[in-house]
Amino acid sequence: MKKYIYIGLLAAASFFAGCSDFLNKVPYEDPSAEALKDEASAIALINGAYQPLQRPKLYNMRIWTLDIIAGNSEVGAGGGTDGIETVTLANFVATADNAAALDIWRGPNPGILYCNTVLESVPDMKIDESLKNRILGEARFLRAHYYFILVQLFGDVPMSIATPKPGDNLLPSRTDRATIYNEVIIPDLVEAVKLLPVRESYSGSDIGRASKGAAAGMLAKVYLTLGMYDESLQMCELVEELGYTLNPDYSDCFGGEERHKNTRESLFEVQYYGLTKAGFWDDENQANWLSTFMGPRNSGWVGGGYGWNLPTQEFVDSYEEGDLRKDKTILYEGCPPFDGKNYKSTMSNTGYNVRKFLVPLSVSPDYNTNSASIIVLRFADVLLMKAEALNELGRTAEAEEPLYQVRRRAGLTNRSDVEGLSQAVMREKIRHERRIELAFEGHRWFDLIRWDNGQYALNFLHSIGKVNATEKHLLFPIPQKERDANPNLTQNTGY
């Protein structure tokens, strides 16, 4: 059996190896199984498990475009068929041949395979025990994260917790999502919380790896999604105990300079180092594309500038008077200059562009030189999860403080705005705050579909004119290409 495990080890390690920096990929010279038993090879294996997060199938494109589907923004881009796969999803007319659905279905699978390889192989390696535990914790965190993405978007999906062996069924059917939550996602994250070190234990090139706080924060989100409010609250409180705090300025969370990366507010983010050699769509690309995609089209303001992800008027109007996040999140006519340049409403179809992730040319001069991280989970999100859990537990007065902490940084310092509210009013206040605080970070769609069993999503979408959205659209279609290759895959209802 170990023979086949080593095949998996070799495939992952030889392609994703890197002994000193888990963003660098340097192939091993010795391809033998014996070369895959030391600490360097164990680190190389777990490094490979991170890499699919960086690709356009996940955080470098498809995850943030979920905000377009959620109604915060429009595609924009170049018109015609540019971004048509996102347009059809956002207009709720997508079919099973949708390219974005295919990307995001396939995106997590390499990462799951690498995690399985790590979890099968590393326990038998004779390496430092603390390093072994850390690597196993990283693998469990990442595998849970990959599956969490899949079950939220597709519902039931095939479940694999072992590397393929000769004789295995290579045409798996879909597993009920409740089973995946109970047998993979929750147990993996619970174990990751136990195994992973605190973020302060990382230094040098290891900064940015999954930590105890990352696992606790992700588990809090899983529990919240499942309506397990007591359990979610416990994980939020653990994150607080670990010392995470809000950055003084909202803008400190985003940007291409080193001071913006892995800040005291960040629990977990996808790392890049701005490699300029890989092609734009290459899996080995090491540049963050958010600035490239979202910069005003043909403006010359940033490297690239393709005019994607245009905030809607309805979204812009949802800002409260005095909210400092508005000027730091969107570009609008009359807003503070960006890199000394004044924005004009004619630069966008909606009159707005996303400002939040833009990196000036002085920091990233080309489309593939942006080394900014993409934040997956930060402390403001945890505070809002804590407020939500407390409110749903009927502890509405206690929900005021974490909600107020987030609002206070945004300049909304009137505490009476969140005091003495009924549970129902507080619920809407928290939901509004999540929309504004986490705008364009890829959370809005996941929030919409979990609230009120998805009815909140339908009510909101109908309110902004997307009246054709129905219950079937709360899940993406199972890609037809995958069903053609595997006849055991059933389709989601209605597609």
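Predicted model: local features only at pLDDT ≥ 70, side-chain atom pairs only at ≥ 80, totals over all residues.
Local features were taken at pLDDT of at least 70 and side-chain atom pairs at pLDDT 80 or more, whereas totals for chains, interfaces and linings use all residues. Residues are numbered from 1 along each chain as its sequence is written, and side-chain values use heavy atoms, with hydrogens and water left out.

Aromatic pairing was assigned to rings of Phe, Tyr and Trp (its six-membered ring) with centres within 6.5 Å; planes under 30 degrees apart are termed stacked, over 60 edge-to-face, and the rest tilted. Under this rule, 19 aromatic pairs were found. In one of them, the ring centres of Phe141 and Phe268 are 4.9 Å apart and the planes stand at 70°, so the arrangement is edge-to-face. This pair connects distant parts of the chain, since Phe141 belongs to helix 7 (residues 129-154) and Phe268 to strand 2 (residues 266-270), 127 residues apart. Helices (H or I, at least four residues) and strands (E, at least two) are DSSP runs numbered from the N terminus. Both Phe141 and Phe268 are buried, where buried denotes under 20% relative accessible area, exposed over 50%, and partly exposed the range in between (1.4 Å probe, protein chains only). The rings of Tyr250 and Phe254 have centres 5.5 Å apart and planes at 70°, so this pair is also edge-to-face. Tyr250 is buried at 3% relative accessibility, and Phe254 is buried at 9%. A cluster linked by ring pairs comprises Trp64, Trp281, Trp289, Phe293, Tyr306 and Trp308.

Charged side chains are also placed over aromatic rings, the criterion being NZ of Lys or CZ of Arg within 6 Å of the ring centre and within 35 degrees of the ring normal. The charged end of Arg444 is positioned over the ring of Phe460 at 4.9 Å from the ring centre. Lys472 lies over the face of Tyr495, 4.6 Å from the centre of the ring.

Helix 8 (residues 177-195) contains 19 residues and spans 25 Å between its first and last C-alpha, close to the expected 27 Å; the expected span is 1.5 Å times one less than the number of residues. At Ile186 helix 8 bends by about 25°, and Pro187 follows within four residues. The bend is the angle between axes fitted to the seven residues ending at a position and the seven starting there. At the N-terminal end, helix 8 is capped by Asp176, a side-chain oxygen of which lies 3.0 Å from the backbone nitrogen of Ala178. Buried residues of helix 8 include Ile180, Val184, Ile186, Asp188 and Val193. The buried residues of this helix pack against helix 7, helix 9 (212-225) and helix 10 (229-241), with contact defined as heavy atoms within 4.5 Å.

The loop between helix 8 and helix 9 holds Arg199 and Tyr202. The side chains of Arg199 and Glu200 are joined by a polar contact of 3.1 Å. Such a contact is a pair of N or O atoms within 3.5 Å; within protein, one must be able to donate a hydrogen and the other to accept it, and residues adjacent in sequence count only if both atoms are side-chain atoms. Excluding neighbours within four places in sequence, the contacts of Arg199 include Ser211, Tyr244, Arg264 and Glu265. Tyr202 is buried, with a relative accessible area of 9%. A polar atom of the Tyr202 side chain lies 2.7 Å from the backbone oxygen of Ala210. Beyond neighbours within four places in sequence, Tyr202 contacts residues including Arg134, Leu196, Pro197 and Ile207.

Helix 2 (residues 39-50) has 12 residues and extends 17 Å from first to last C-alpha, close to the expected 16 Å. Because 10 of its 12 residues are buried, helix 2 is largely enclosed by the rest of the structure. Among these buried residues are Ile43, Leu45, Asn47 and Tyr50.

Asn298 occurs in the loop between helix 11 (290-294) and strand 3 (308-311) and is exposed at 70% relative accessibility. Asp339 occupies the loop between strand 4 (330-331) and strand 5 (353-354) and is partly exposed, with a relative accessible area of 42%.
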